[in-house]
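I opened this entry to see how the chain is put together. My notes follow in the order I looked things up.

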Amino acid sequence: MSDTMTVTVTGAAGNIGYAALFRIAAGDMLGEGIRVKLRLLDLPGAVRAAEGTAMEIEDGAFALLDSLDVYDDARAAFDGTDIALLIGSRPRSKGMERADLLSANGAIFQEQGRAIADVASDRVRVLVVGNPANTNALVAAENAPGVPGERFTALTRLDHNRAIAQLGKHTGAAARDISRVTIWGNHSATQYPDIFHARVGDRAGADIAQDRDWLENDFVPTVARRGTAIIEARGSSSAASAANAAIDHVHDWVLGTPDGDWTSVALRSHGEYGVPEGLVCSFPATSDGGDWKVVEGLDLGEFARARIDASVAELVAERDAVRELGFA
Ligand code: LMR
């Protein structure tokens, strides 16, 4: 790994960007040994705000920060980039149908996939945060010829961290004592947070899952609908927790997952666990600092299988919709 990396953040003027950029500059994402060249990308109308954020980052006098630039042009922003955090996306507005949302975002991620393929570094790693994240990542990947499919990922680490937090609250365990939780499927309310293979201190997750009422009526819906609950409470979607999860995701991808644990990553399927090839689906995954590797061979019971199948069916429908629109 080189000792300087170029990081491009899209939607840089938004709330998630604001929460992520300072921590990236401080070394939380790539570690203390890596210097960072930061590129902030946003729409022309948001560039002024992104420049304001850049002024604040400058004022942090971060020791690891080598350069800081603001762009409204994707090709310039992705030129030579090693890590692309695709945070900016078109949110659903009033009266917008699902097809309109997929269409608006399809255009954005098609353009960004092409730009990444044309100008990014050979070792580029991409994390899509902007919703619908899994399908946006699929569109970007399909429009990036020459970039290996496994370099395109979408964020389910936020759901993974939410699952750890809820499991910790239920059992009284600290987050540090919880491992091997998995998020399967889509970053949406159909996702399946799975604790059957988890470890909570010296307890097996399967043992905790015996409390079926808690599992089915509390844990699973609380994790799957947490994003909506936050929007209802804050009046806007999660920002600092999403930024934190994006940083965790890239940190573990570049520096490796801890021994004996795994995390959750939405990755292009090679058919693992019967998920159709090419879908960007959340799986349990490890990294040795190079590529993500899906943890294979986990036993899935009927309860898990039905939920995973439902979430995968939603991903198939999203993929078919963007194909129909000509984006993939
Ligand atoms: C979240 O999980 O917090 C967000 O993806 C929710 C949203 O729709 O923005």
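**Two domains.** I started with spacing: the C-alpha centres of domain 1 and domain 2 lie 23 Å apart. The protein chain is divided into domain 1 (4-154) and domain 2 (157-318), with bounds from an automatic or database domain assignment. I note that this is a predicted model: local features need pLDDT of at least 70, side-chain atom pairs count only at pLDDT 80 or more, and totals for chains, interfaces and linings use all residues. Residues are numbered from 1 along each chain as its sequence is written.

**Where they meet.** I looked up the contacts (C-beta atoms, placed from the backbone, within 7 Å). In domain 1, 28 residues are in contact with 26 residues of domain 2. Which elements give two or more residues to the domain 1 side? They are α1 (15-25), β4 (83-86), β5 (125-128), α5 (133-142) and β6 (152-154). I take helices (H or I, at least four residues) and strands (E, at least two) as DSSP runs, numbered from the N terminus. That side divides into 18 nonpolar, 6 polar and 4 charged residues. Here Ala, Val, Leu, Ile, Met, Phe, Trp, Tyr, Cys and Pro count as nonpolar, Asp, Glu, Lys and Arg as charged, and the others, Gly among them, as polar.

**The core.** Of the core's 94 residues, Val 129, Ala 140 and Ala 246 touch the most other members. Helix α10 (residues 240-255) gives the largest share, 7 residues. Domain 1 and domain 2 both give residues to this core, so it lies between them. I followed Ala 246: leaving out residues up to four places away in sequence, it touches Ala 20, Leu 85, Leu 127, Val 129 and Leu 155.

**Helix α8.** Which residues of α8 (residues 212-224) are buried? I found Phe 219, Val 220, Val 223 and Ala 224. Their cover includes α6 (157-171), β9 (192-194) and α9 (226-234).

I traced an open sheet of 3 strands, in the order β7-β10-β11, with antiparallel pairing. Strands pair if DSSP finds at least two bridges between them. β7 (178-179) and β11 (203-204) are at the edges with a single partner strand each, so one side of each has no neighbour in the sheet. β10 (residues 199-200) pairs with β11 over 2 bridges. Arg 199 has Ala 204 of β11 as its bridge partner.

Methods:
Core = buried A, V, L, I, M, F, W, Y, C linked by C-beta atoms within 7 Å. Buried ≥ 20, exposed ≤ 12 C-beta atoms within 10 Å, placed from the backbone. Contact = placed C-beta atoms within 7 Å.
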